[in-house]
Amino acid sequence: MSRFEAAFAKGPALVTFVTGGDPTPETTISILDALVDGGADVIELGMPFTDPMADGPAIQAANIRSLGAGTTTADIFHIAARFREKHSNTPLVLMGYANPMVTRGADWFAAQCRKAGVDGVICVDIPPEEDAELGPALRAAGVALIRLATPTTDAARLPAVLDGSSGFLYYVSVAGITGMQQAAQTSIEEAVARLKAQATIPVAVGFGVRTPEQAAAIARVADGVVVGSALVDLVAQHGTAAAAPVRELTAALAAAVHGAR
């Protein structure tokens, strides 16, 4: 059983996101520890990029702080390897944009993911129709390619999104950027039912989920709940002392999500 299969087998999973290198690469390691301690089932580690077009102000600012601290792709892989040394069971996903992932070649990136113990990759800006290199390289290295479905992903396009996707399907519940608004619960329930009718992998819902109450409502219908901006806001507020408040919010979110089991 893969780490993803084990994480989702227990029931609705809490998927958390933070930006790597925010506020510093070393601090990120303690923040990742806090996420695990708080009960996160899957962790997404954002790769800082100069033009994070799918992200709202909170994560944009986190990217700027990370790059300002000098964070490199090598630092992200170092953080991932350190994480894997300490946490053998929690799936770790790198989330980001194509440029840092393919600039040295997709095969190089996939090999580095495998070496660091990364379980999956979310690339925001390579659609499946244009994925001739990254997806095949990741699959060949045994790394899951996690794709995004959105409210505009219709029945005709969904098979292309699902083809070659593994780990879980990330449903972006709003047609917009991260952290700005939340979709109505009814629309989430309808979308999840539609996706689960075709998907053979878990469906996790994200974008705009900030509170335990919101997370609990989604967990009653989805296989996973993704929370990012609310945690990134805590890092912005507390900086190098962010681990404790991150752990506290994660614990509250985990209790809400796991309570739906």
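Start by selecting Cys 113. Cys 113 is buried, because its relative accessible area is 0%; buried means under 20% relative accessible area, exposed over 50%, and partly exposed in between, with a 1.4 Å probe and protein chains only.

Before moving on, note that this is a predicted model: local features need pLDDT of at least 70, side-chain atom pairs count only at pLDDT 80 or more, and totals for chains, interfaces and linings use all residues. Residues are numbered from 1 along each chain as its sequence is written, and side-chain values use heavy atoms, with hydrogens and water left out.

**Stop 1**

A disulfide is a pair of cysteine sulfur atoms within 2.5 Å. Cys 123 is in no disulfide either. By this rule the count is 0 disulfides. Is Cys 123 buried or exposed? Cys 123 is buried, with a relative accessible area of 9%.

**Stop 2: the annotated pair**

An unreviewed UniProt entry annotates Glu 44 and Asp 55 as "active site". UniProt positions are given in the numbering used here, feature names are shortened, and annotations may be inferred rather than shown by experiment.

Zoom in on Glu 44. Glu 44 sits in strand 2, residues 42-46. Helices (H or I, at least four residues) and strands (E, at least two) are DSSP runs, numbered from the N terminus. Glu 44 counts as buried because its relative accessibility is 1%. Show its neighbours: leaving out residues up to four places away in sequence, Glu 44 touches residues including Val 15, Phe 17, Met 95, Ile 122 and Tyr 170. Contact means heavy atoms within 4.5 Å.

Move to Asp 55. Asp 55 lies in the loop between strand 2 and helix 3 (57-68). Asp 55 is buried, at 10% relative accessible area.

**Stop 3: helix 4**

Select residues 73-86. This is helix 4, with 14 residues. Helix 4 reaches 20 Å from its first C-alpha to its last, close to the 20 Å expected at 1.5 Å a residue; the expected span is 1.5 Å times one less than the number of residues.

Colour Ile 76, Phe 77, Ile 79, Ala 80, Phe 83 and Arg 84: these residues of helix 4 are buried. Look down the axis. The buried residues of helix 4 fall within an arc of 155 degrees, so they line one face of the helix. The arc is that of the directions from the helix axis to the C-beta atoms.

What does the buried side of helix 4 pack against? Its buried residues pack against helix 1 (3-9), helix 2 (25-38), strand 2, strand 3 (92-96) and helix 6 (106-116). Finish on the face turned away from the buried side, where Ala 74 and Glu 85 are exposed.
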